[in-house]
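User: I am new to reading protein models, and I would like to learn how to go from single residues to the larger picture. Could you take me through it step by step?

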Amino acid sequence: MLGVSPKTDVLIITVSKVESLAVMDAFQKATGRDPYLIIIDGRTYHDLGEVNGARIFLALSEMGASGLGASQQVIQKGISALSPSAVIAVGIAFGVDNQKQAIGDILVSQQIWLYDLQRIGREIIPRGDKPHASAKLIDRFKNADFHWSGAKVHFGLILTGDKLVDNIDYRDQLRKFEPEAIGGEMEGAGLYVACQDAQVDWILVKAICDWADGNKAQDKDIRQQLAAITPLSLYYTHLN
């Protein structure tokens with residue numbers, strides 16, 4: 001339906017169909033009602049209802065940060081349309097250490113590193129920003145973790161760039177620049193830029209679906225479904 005800007009507390013951003021359906025299903029179970037569509041300024045949003053007094057909306061992004069319909073543009077338009085207090089990007093990510101991490105483990109950003117900005121010469125010199133996520137949201141998720149008995153939660157620095165990483169040598173090169181990185185994904189730069197400009201709280205909450213080691217296609221559907229579902233129970237009951 002067409003609508004005027006409703007009261008919004010949290011805007012959730014997803015990319016893939018499996019991520020989006022997992023979010024909708026989780027909130028349907030939490031609220032007891034199906035999400036419904038609202039169109040504002042030509043863009044479609046999904047009203048997911050209220051949890052703990054927080055009104056939640058979902059917006060779908062294209063893959064990556066900077067393209068048409070990618071996370072930066074979608075979030076900028078979403079902030080303009082809905083005026084949320086916080087934006088949370090959820091979905092799937094790659095892990096970096098299969099000895100200490102597992103498929104389905106949750107990654108929560110304390111910091112992100114925008115690794116695409118580099119000086120390429122005789123050696124590679126990284127020049128990307130390393131912004132911190134919202135201190136308020138980090139605090140909420142760390143406290144939620146005390147009461148969480150599901151998949152393991154890792155807090156730390158998440159690699160983010162427009163490249164779909166599925167090469168172990170390239171992944172390990174990124175880890176040499178940032179040895180403390182806990183994983184990587186593709187939408188964080190757009191999330192940071194859009195929210196920083198609008199002074200809106202932001203955070204990434206994603207789960208591991210592969211190791212970016214050249215085997216991304218192995219059991220892809222099963223892994224993505226698991227990774228899409230596991231972050232949901234951690235955050236949807238701790239949003240207010």
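Analyst: Let us begin with one residue, keeping in mind that this is a predicted model. Alanine 212 has a relative accessible area of 0%, and because buried means under 20%, this residue counts as buried. Alanine 212 sits in the loop between strand 11 and helix 6 (220-236), and its phi is positive, about 50 degrees, although it is not a glycine.

User: Which other residue, not a glycine, has a positive phi, and is that residue buried or exposed?

Analyst: Glutamine 199 has a phi near 60 degrees, again a positive value in a residue other than glycine. Glutamine 199 belongs to the loop between helix 5 (188-198) and strand 11 (201-210). Its relative accessibility is 75%, and since exposed means over 50%, glutamine 199 is counted as exposed.

User: How do I read a strand, and why is strand 9 described as largely enclosed?

Analyst: The general idea is that in a regular strand the side chains alternate between the two faces of the sheet. In this model, strand 9 covers residues 153-160, and because eight of its eight residues are buried, the strand is largely enclosed by the rest of the structure. Strand 6 (residues 106-114) runs parallel to strand 9 and is joined to it by eight bridges, with isoleucine 106 standing opposite valine 153. Strand 9 also pairs in the parallel sense with strand 10 (residues 181-185), over four bridges, and there leucine 159 has glycine 184 as its bridge partner.

User: Which residues have the most contacts inside the largest nonpolar core?

Analyst: That core has 54 residues, and those with the most contacts inside it are Ile12, Val87 and Ile203. Strand 5 (residues 86-95) gives the most to this core, with six residues. Apart from it lies another core, of ten residues, which includes Trp113, Tyr115, Val165 and Ala212.

User: How can I follow contacts between parts that are separated in the sequence, for example around leucine 60?

Analyst: Leucine 60 lies in strand 4 (residues 54-60) and is partly exposed, at 38% relative accessibility. Leucine 60 and serine 16 are 44 residues apart in sequence, while their C-alpha atoms are 8.0 Å apart in space. Leaving aside neighbours within four places in sequence, leucine 60 is in contact with Thr14, Ser20, Arg43, His46 and Val74.

Methods. Residues are numbered from 1 along each chain as its sequence is written. This is a predicted model: local features need pLDDT of at least 70, side-chain atom pairs count only at pLDDT 80 or more; totals for chains, interfaces and linings use all residues. Side-chain values use heavy atoms; hydrogens and water are left out. Buried means under 20% relative accessible area, exposed over 50%, partly exposed in between (1.4 Å probe, protein chains only). Helices (H or I, at least four residues) and strands (E, at least two) are DSSP runs, numbered from the N terminus. Two strands pair if DSSP finds at least two bridges between them. A nonpolar core is a set of buried Ala, Val, Leu, Ile, Met, Phe, Trp, Tyr and Cys residues joined through side-chain atoms within 4.5 Å. Contact means heavy atoms within 4.5 Å.
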